[in-house]
Amino acid sequence: MRETLVPVVEQQGTFGGKECYQLNIALTVYGNWYSKKLLEEGLDSEYPKTWDEMLAVCKKAKGKGIHGWSYPGGHPRYMFFSMYAMFAQRGGREVTTAMDYLEPDAWKHEAVKDVFEAWEELVSKKYVLTGFDGTEAHTEMQTAWTKGGKCLFVPNGSWVENEAKDTTPKDFQMSVGATPSLDSGDKMPFGTLYAPAGEPFVVPAKASNVQGGMEWLRMMYSKEAALNLFKEVASIPVVKGAIDGQKLPSGTASAKAAIEAAGENVVIPKFFDWYNELFREDFNNMIAKFMLGQMGTKQAMDTMQKASDRILKDPDISKIKKS
């Protein structure tokens, strides 16, 4: 079975040892989602491969009354979906590995500083459409993006194509772009991608019918079932070759192309699963203030490092050691 699935499935199902405890069923591509039509036809621009180009296209958008960016104010942690790969791209895997293992000063690395400063400049130039503070913040923001055309880029995952299908114009040409490079000092190339496997399934060891559960998983991870998953919700299956030769919707096609272009340069935050409160609570609260200009780079880094240190020192949280 191992040979039929993309490698990240096993990678994400292990927790410091060799045993695989969960099987994820769909590949998620995180990044900068946008309307290719608006970018290329409305703004006569190409996807920005550098941060200077990103700032330039946001400036051009602003001149036409369009914000360069938006995010769901009620769930500001979505910004992580666009920022994470930048940490790795700027400083290499050593930076993100340090975050995973709660290492001292992981969040104070020079690369982390550079990334926060880049986003701080984008915020200070008023290129970000804020708001969308309710419990349905993500769908409100997505509707402003797809139906309203109020912003160019949003941080999101590849589920958005299916989630926003009712508000997306047929000629929208939904696409995802990888992290722009900051400059020639980046350790990883343009195209580095945050693309984990998602939607985990488990069979409890003490389930009443363990063998039945295992057989059910075998069926779920067949090519036939994987193709059906794609047809139902437009997700990229983790089963190799399951959607080869299929006609793909715009967003799925661009996500598949981004994965292929990234090659070995795919990065996945393990602390996201291991110590989820660091993402869901600490990063969420910090980035809420940061994106509103209420917190600068230094304070953002200090806040995240203190949070990481708190988890490291908490005796009630099991820590995963480097194998």
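## Basis of the description

Contact here means heavy atoms within 4.5 Å. The model is predicted.

## An aromatic pair

A search of the whole structure gives 30 aromatic pairs. One of them joins Trp107 and Phe271: the ring centres are 6.1 Å apart and the planes stand at 75 degrees, so the pair is edge-to-face. Trp107 belongs to the loop between helix 5 (93-100) and helix 6 (110-124), while Phe271 belongs to helix 12 (residues 271-274), so the pair ties together parts that are 164 residues apart in sequence.

Both partners can also be described by their accessibility. Trp107 has 0% relative accessibility and counts as buried. Phe271, at 1% relative accessibility, counts as buried.

Helix 7 spans residues 137-146 and is mostly covered, with seven of its ten residues buried. The buried residues of this helix are Ala137, His138, Met141, Gln142, Ala144, Trp145 and Thr146.

Several elements take part in covering the buried residues of helix 7. Among them are the strands 2 (31-35), 3 (67-70), 5 (151-156) and 6 (174-177), together with helix 8 (160-163).

## Two cavities

The structure contains two cavities of 30 Å³ or more. The largest cavity has a volume of about 60 Å³, and its lining consists of Gln11, Gln12, Thr14, Phe15, Ile268, Pro269, Lys270, Asp273 and Trp274. Helix 1 (8-13) and helix 12 each contribute at least two residues to this lining. By class, the lining of the largest cavity comprises four nonpolar, three polar and two charged residues.

The second largest cavity holds about 30 Å³ of space. Its lining is made up of Tyr30, Gly31, Phe81, Ser82, Ala85, Ala178, Thr179, Thr192, Leu193 and Tyr194. Two or more of these lining residues come from each of helix 4 (80-91) and strand 7 (193-194), and helix 4 gives the most, with three residues. Six residues of the lining of the second largest cavity are nonpolar and four are polar, with no charged residues.

## The largest pocket

At least two lining residues of the largest pocket come from each of helix 1, helix 5, strand 9 (236-237), helix 11 (250-262) and strand 10 (266-267). Helix 5 gives the most, with four residues. The lining of the largest pocket divides into 17 nonpolar, five polar and eight charged residues.

## The second largest pocket

The volume of the second largest pocket is about 630 Å³. Of the 30 residues in its lining, Tyr30, Trp159, Gly198, Glu199 and Phe272 are the closest to its centre. Tyr30 is also named in the lining of the second largest cavity.

Two or more residues of the lining of the second largest pocket are given by each of strand 1 (23-27), strand 8 (197-201), helix 10 (223-233), helix 12 and helix 13 (277-290). The largest share, four residues, is supplied by strand 8. By class, the lining of the second largest pocket has 16 nonpolar, ten polar and four charged residues.

How values were computed:
Residues are numbered from 1 along each chain as its sequence is written. This is a predicted model: local features need pLDDT of at least 70, side-chain atom pairs count only at pLDDT 80 or more; totals for chains, interfaces and linings use all residues. Side-chain values use heavy atoms; hydrogens and water are left out. Rings of Phe, Tyr and Trp (its six-membered ring) pair if their centres lie within 6.5 Å; planes under 30 degrees apart count as stacked, over 60 as edge-to-face and the rest as tilted. Buried means under 20% relative accessible area, exposed over 50%, partly exposed in between (1.4 Å probe, protein chains only). On a 1 Å grid over the protein atoms alone, a cavity is a set of points where a 1.4 Å probe fits but cannot get out, and a pocket is an open set with protein on both sides within 12 Å along at least five of seven lines; lining residues have an atom within 4 Å of a point. Grid points are joined across faces, edges and corners, and a volume is the space filled by probe spheres set on the points. Ala, Val, Leu, Ile, Met, Phe, Trp, Tyr, Cys and Pro count as nonpolar, Asp, Glu, Lys and Arg as charged, and the others, Gly among them, as polar.
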